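Here is a short briefing on one protein chain, for a reader who has not seen it before.

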Amino acid sequence: MMRAVLLELTPDELLSTTRAVRKRLDLTRPVEREVLADCLRLAQQAPTASYSQGWHFVVVTDAERRAALAELWRRGGAAYLEHRRDEAQAAGGQMARIVDAVVHLAEHLHEVPVHVIPCVRGRTEGASTPQQAARWGSILPATWSFMLAARSRGLGTVLTSFHLMYEREAAELLGIPYDEVMQAALVPVAYTVGTEFSPGRRAPLETMVHWDAW
């Protein structure tokens with residue numbers, strides 16, 4: 001059974017270098033099912049906000065289905081990209097780099113060898129804030145655990161949501177029971193071109209942490 005070689009990363013390095021990878025995905029190298037299964041087993045161990053996990057992961061490797069998902073994703077992201085392109089060009093810097101990376105992913109998403117759709121039973125339309133928090137607070141930690149496990153095996157990922165504007169169409173494409181199961185994201189997965197990643201630039205901690213009160 002195939003097992004990926006784990007990168008030599010400390011826990012702190014793993015947490016600080018698991019980046020949103022859009023431009024450095026290897027579009028030509030297949031991702032082994034056994035490696036994906038290892039990542040998903042670790043995702044199963046994530047904490048849950050509910051007594052029942054209700055999680056599902058739809059792993060899409062079929063080229064036609066990936067192409068159809070990518071088209072829904074591009075349709076969902078079209079308005080965002082049209083708005084952000086001009087804004088990013090004017091602002092430059094990190095915003096311009098992010099938009100450029102998103103455009104690159106839009107152009108190549110159908111070529112990314114694996115699309116993972118994390119799902120959770122139950123829908124949040126009309127739910128209270130605590131109910132929504134419990135639902136998202138179950139599936140998103142599991143998704144992040146999957147992404148961390150992928151990084152440790154030389155895989156790149158990015159949490160995306162554009163296709164959710166056409167979630168029902170995606171559900172029909174993949175046979176997901178839309179009325180019972182909610183999709184949380186589309187995570188492109190591929191080996192990365194090189195495995196070295198640096199921590200992202202962030203604002204000083206004191207600009208976002210509030211002790212005891214806002």
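**Pockets, salt bridges and selected residues**

The second largest pocket has a volume of about 160 Å³. The model is a predicted one, in which local features need pLDDT of at least 70, side-chain atom pairs count only at pLDDT 80 or more, and totals for chains, interfaces and linings use all residues. Residues are numbered from 1 along each chain as its sequence is written, and side-chain values use heavy atoms, with hydrogens and water left out.

**Pockets**

- A pocket is found on a 1 Å grid over the protein atoms alone, as an open set of points with protein on both sides within 12 Å along at least five of seven lines; a lining residue has an atom within 4 Å of a point.
- Grid points are joined across faces, edges and corners, and a volume is the space filled by probe spheres set on the points.
- The second largest pocket is lined by Ala20, Arg22, Trp73, Tyr80, Ile98, Val102, Leu105, Val158, Leu159, Thr160, Ser161 and Phe162.
- Helices α3 (63-91) and α4 each supply at least two residues of the lining of the second largest pocket, and α4 has the largest share, with 3 residues.
- Helices here are DSSP runs of H or I with at least four residues, strands are runs of E with at least two, and both are numbered from the N terminus.
- The lining of the second largest pocket has 9 nonpolar, 2 polar and 1 charged residues.
- In these classes, Ala, Val, Leu, Ile, Met, Phe, Trp, Tyr, Cys and Pro count as nonpolar, Asp, Glu, Lys and Arg as charged, and the others, Gly among them, as polar.
- The largest pocket has a volume of about 690 Å³, and of the 21 residues that line it, Arg19, Ala20, Arg22, Gln94 and Ile98 lie nearest its centre.
- For the largest pocket, α4 and α5 (129-152) each supply at least two lining residues, and α4 gives the most, with 5 residues.
- The lining of the largest pocket divides into 8 nonpolar, 4 polar and 9 charged residues.

**Cavity**

- The structure holds 1 cavity of 30 Å³ or more, a cavity being a set of grid points where a 1.4 Å probe fits but cannot get out.
- The largest cavity has a volume of about 30 Å³.
- Arg22, Leu25, Leu27, His104, Leu105, His108 and Val112 line the largest cavity, and by class they are 4 nonpolar, 2 polar and 1 charged.

**Salt bridges**

- The count comes to 7 salt bridges, where a salt bridge is a side-chain nitrogen of Lys or Arg within 4 Å of a carboxyl oxygen of Asp or Glu.
- Asp100 and Lys23 form one of them, with their closest N and O atoms 2.6 Å apart.
- This pair links distant parts of the chain, 77 residues apart: Asp100 is in helix α4 (residues 93-108), and Lys23 is in the loop between α1 (11-17) and α2 (33-44).
- Asp100 is partly exposed at 39% relative accessibility, as is Lys23 at 44%; buried means under 20% relative accessible area, exposed over 50%, and partly exposed in between, with a 1.4 Å probe and protein chains only.
- Asp38 and Arg41 form another salt bridge, with the closest N and O atoms 2.9 Å apart.
- Both Asp38 and Arg41 lie in helix α2, 3 residues apart, about one turn of the helix.
- Asp38 is buried, at 11%, whereas Arg41 is partly exposed, at 45%.
- Glu125 and Arg123 meet through their side chains in a salt bridge of 3.1 Å, N to O.

**Helix α6**

- Glu167, Ala170, Ala171 and Leu174 are buried in helix α6 (residues 167-174).
- Seen down the axis of α6, these buried residues fall within an arc of 105 degrees, so they line one face of the helix; the arc is that of the directions from the helix axis to the C-beta atoms.

**Single residues**

- Cys119 lies in strand β2 (residues 114-121) and is buried, with a relative accessible area of 1%.
- Asp212 is in the segment after β5 (187-191) and is exposed, at 86% relative accessibility.
- The phi of Asp212 is near 70 degrees, a positive value in a residue other than glycine.
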